[in-house]
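Hi,

Here is the structure I promised to pass on. Have a look at it first, and then read my notes below.

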Amino acid sequence: MNLIDTIDRKLDAIAAQSLTRRLRVADSPCAPRQVVDGREMLGFCSNDYLGLASHPQVIAALQEGAARYGAGSGASHLVSGHSRAHALLEERFGEWLSPYIEKARALYLCTGYMANLAVLTALGADADTMIFSEALNHASLIDGARLAKAGVSVYPHGDVAALERQLSASTAAMKIVVTDSVFSMDGNLAPLPQLLALCERHGAWLVVDDAHGFGVLGESGRGALEHFGLSSPHLVYIGTLGKAAGVGGAFIAAHASVIELLVQRARPYIYTTAAPPALAHALQASLDIIGGPEGVQRRAHLAALVGHLQDALRPRRWQLLASTTAIQPLVIGSVDAALRVAAGLHEQGLWVPAIRPPTVAAGTARLRITLCAAHTHEEVAQLARALNQLESEPERSIA
Ligand SMILES: *Cc1c(COP(=O)(O)O)cnc(C)c1O
């Protein structure tokens, strides 16, 4: 049998379920108005929640970082790639999270995906450890748990009582509860205060992936722990930096001993070239904005846009999920219907991604609307008008 044919048959099977994904090429910086495949579109799809990806101060800091530190790091952190830029950024993250994590220290990694693999494989390195993983966790946490030597037990979405039963029944030597703080396809928050209380009662670690919270949650943008006012030496916090921070990479903040174990043992930290130091330098500018008056302003504008969308959208058959965050999912139902609505928006120059299984459960295909501080009220109104109009045309089909 032809090797290529076997691959093509897999691709045909994906296409037969309308699940083929297509890359779109952006010809302009990440911003609400973007040239995509040669056409200007108004997008509601990026996770650049504060609009920092194309912020002049962040771009200038990236340029300055490249001038000062060069283009690449040249090696992994433990060999020779750990630059002053990385060290200063890690120090700052350690300070930022120190009100919430006792003896906090931070580590900067190339991506959030790798940070999650690092935490779960290093903390979950032993077979007598158990990872308790929330059902709607991000793929990178699922993969991290799969790669760990620890056992894995999945608890139902948001179900603290079910988790408590699992923790009580477990005889594992070490227990790790792991959850997204903001669920990426639903926009709702995990019940972190209850989860932390449960973890403290059962002597478990609480690992929080704050990919969609860092920069946007909390008075000063420090994320979910600030938002809920949580504090414990047993929190392991992951903030990703390609979303609200507008650059890239991720940091892990935890008790200094946990971080030292990661430095010694976490393969996604050890066996990869350190991120370009210029990124770490640019992130200092992002943090200046996030933690300063402009960050407060941007978060307030974002919250106002969320309120505006919720007021203006009048779904009858569709369902806008209960979310107070910048992620506002509109559940359409079938894959074909969701694709039809996305195509209808696209015709009008509006870009909203349709999210299909397996990313979300079958029958809950949705438009994942994300709002950003760089959007205007008029742009949100335009999206709401288009969606209200499309919903009132049930027999519409893709041309
Ligand atoms: C995006 C995301 C990640 C991965 O972060 P990257 O820096 O993009 O690799 C991890 N967890 C969640 C919940 C995410 O949404």
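Arg 92 counts as buried, because its relative accessibility is 19% and the cut-off for buried is under 20%. Bear in mind that this is a predicted model. The partner of Arg 92 is Asp 288: the two form a salt bridge, with 2.7 Å between the closest N and O atoms. Arg 92 sits in helix H4 (residues 84-97) and Asp 288 in helix H12 (residues 277-291), so this pair ties together parts that are 196 residues apart in sequence. Asp 288, for its part, is partly exposed at 45% relative accessibility.

That pair is one of eleven salt bridges in the structure. As a reminder, side chains of opposite charge can pair when their charged atoms come close. Two others that I looked at:

- Arg 33 and Glu 40 meet through their side chains at 3.8 Å, N to O. Arg 33 is partly exposed, with 40% relative accessibility. A network of salt bridges links Arg 33, Glu 40 and Glu 379.
- Arg 385 and Glu 378 have their closest N and O atoms 3.0 Å apart. Both ends are partly exposed: Arg 385 has a relative accessibility of 48%, and Glu 378 comes in at 46%.

Now for the chain as a whole. How many helices and strands does it have? The secondary structure comes to 15 helices and 14 strands. The radius of gyration is 22 Å, close to the 21 Å that the globule rule gives for 399 residues, so the chain is as compact as a globular protein of that length. Along its principal axes, the C-alpha trace spans about 60 × 55 × 55 Å. Of the 399 residues, 53% count as buried. If you take the contacts between residues at least 6 apart in sequence, 71% of them join residues at least 24 apart.

Last, the surface. The chain has an accessible surface of about 17200 Å², and 55% of that belongs to carbon and sulfur atoms. Ile 7, Leu 11 and Ile 14 make a nonpolar surface patch of about 260 Å². Ile 7 lies in helix H1 (residues 3-16) and, at 45% relative accessibility, counts as partly exposed.

Cheers

Conventions. Residues numbered from 1 in each chain as written. Predicted model: local features only at pLDDT ≥ 70, side-chain atom pairs only at ≥ 80, totals over all residues. Heavy atoms only, no water. Patch = residues over 30% accessible without salt bridge, like charges linked within 9 Å, V, L, I, M, F, W, Y side chains within 5 Å. Areas by Shrake-Rupley, 256 points an atom, 1.4 Å probe, with all protein chains shown as cover. Salt bridge = Lys/Arg side-chain N within 4 Å of Asp/Glu carboxyl O. Helix = DSSP H or I, 4+ residues; strand = E, 2+ residues; numbered from the N terminus. Buried < 20%, exposed > 50% of the residue type's maximum accessible area, 1.4 Å probe, protein only. Rg over C-alpha atoms; globule rule 2.2 N^0.38 Å. Contact = heavy atoms within 4.5 Å.
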